[in-house]
Amino acid sequence: MTDVSAETGRLHIPIALRWGDLDAFNHVNNAAMLKLLEEARVRAFWRPAAGETAPPTAILDSGIHSGVLTLVARQEIEYTAPVPYQRHPLDIQMWFGSLGGSSIEVCYEVCSPREIAGDQTVYARATTIVVKADAASGRPLKLSEHERATWEPFVGPPIVYARRR
């Protein structure tokens, strides 16, 4: 179940691992990590279907029929520990590093499951720049006042990566 942490301004999106997400070294493959982040992003921002639950940030209509696209412009991941296979879902913590004119900087910390006692392990930190665009023209669309008002409580410090050159 998705959880919102008022004290940290973060969303907690549980994402289950699949056996196929692992590589020959028995940890989550780097390409699979992008799919896990994508799944968390969709659950956090796309409006739920009838009967589904979603966090308060899930306000975007999905699909090309909506007339709006959410395009990934950039992604960066910093791995801090291997992600082993486990049955409990990972706790993907999300917030915004910034809200631009037509873009959002989505920040993540991929953490060990919340169900397991003790301190959580941060497996990876990541950032995705998403641009809202018109589906017909491909041109950027400004974030609406409703989107800004909904997402501003989740704006926090952007991720500072350890090895920037």
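Asn26 counts as partly exposed, because its relative accessibility is 48%, a value that lies between the 20% limit for buried and the 50% limit for exposed. The structure shown is a predicted model. Asn26 belongs to the loop between S2 and H1. The backbone of Asn26 has a phi near 65°, which is positive although the residue is not glycine. Most residues other than glycine have a negative phi.

## Helix H1

Helix H1 covers residues 30-45, 16 residues in total. At 1.5 Å a residue the helix should span 22 Å, and its end C-alpha atoms are 23 Å apart, so the two values agree. The N-terminal end of H1 is capped by Asn29, whose side chain places an oxygen 2.7 Å from the backbone nitrogen of Ala31.

Which residues of H1 are buried? They are Ala32, Met33, Leu36, Leu37, Ala40, Arg41, Ala44 and Phe45. The cover over these buried residues includes the strands S2 (10-15), S3 (68-79), S4 (90-99), S5 (103-111) and S6 (122-134), together with helix H2 (145-151).

Tyr108 is found in strand S5. Its relative accessibility is 0%, and Tyr108 therefore counts as buried. The side chains of Tyr108 and Thr128 are joined by a polar contact of 3.0 Å. Phe96 is 12 residues from Tyr108 in sequence, and the C-alpha atoms of the two are 8.7 Å apart.

Glu109 also has its place in strand S5. Glu109 is buried because its relative accessible area is 13%, where the limit for buried is under 20%. A polar contact of 2.9 Å links the side chain of Glu109 to that of Arg10. With neighbours within four places in sequence left aside, the residues in contact with Glu109 are Arg10, Asp91, Ile92, Gln93, Trp95, Val122, Ala124 and Arg125.

## His12 in strand S2

His12 lies in strand S2. Is this residue buried or exposed? His12 counts as buried, because its relative accessibility is 7%. The side chain of His12 makes a polar contact of 3.0 Å with the side chain of Asp91. Asp91 is also one of the residues in contact with Glu109.

## Thr127 in strand S6

Thr127 is part of strand S6 and is buried, with a relative accessible area of 4%. Not counting residues up to four places away in sequence, Thr127 touches Arg74, Gln75, Glu76, Glu105, Val106, Tyr108, Ile159 and Tyr161. A polar contact of 2.6 Å joins its side chain to that of Tyr161. The C-alpha atom of Thr127 is separated by 8.3 Å from that of Pro158, a residue 31 places away along the chain.

## The enclosed cavity

Rolling a probe the size of a water molecule over the atoms shows where empty space is left. In this model the count comes to one cavity of 30 Å³ or more. The largest cavity has a volume of about 50 Å³.

Which residues line the largest cavity? The lining is formed by Leu60, Thr70, Ser102, Ile104, Val130, Lys132, Leu143 and Trp151. By class, five of these residues are nonpolar, two are polar and one is charged.

## The second largest pocket

The second largest pocket has a volume of about 180 Å³. Its lining consists of Glu38, Arg41, Val42, Phe45, Trp46, Leu60, Thr70, Leu71, Val72, Ile104 and Val130. H1 and S3 are the elements that give two or more residues to this lining. The largest share, four residues, comes from H1. Eight of the lining residues are nonpolar, one is polar and two are charged.

Conventions: Residues numbered from 1 in each chain as written. Predicted model: local features only at pLDDT ≥ 70, side-chain atom pairs only at ≥ 80, totals over all residues. Heavy atoms only, no water. 1 Å grid on protein atoms, 1.4 Å probe; cavity = no way out; pocket = protein on both sides within 12 Å on 5 of 7 lines; lining within 4 Å. Points joined across faces, edges and corners; volume = space filled by probe spheres on them. Nonpolar A, V, L, I, M, F, W, Y, C, P; charged D, E, K, R; others polar. Expected span 1.5 Å × (residues − 1). Buried < 20%, exposed > 50% of the residue type's maximum accessible area, 1.4 Å probe, protein only. Contact = heavy atoms within 4.5 Å. Polar contact = N/O pair within 3.5 Å; in protein donor to acceptor, adjacent residues only side chain to side chain.
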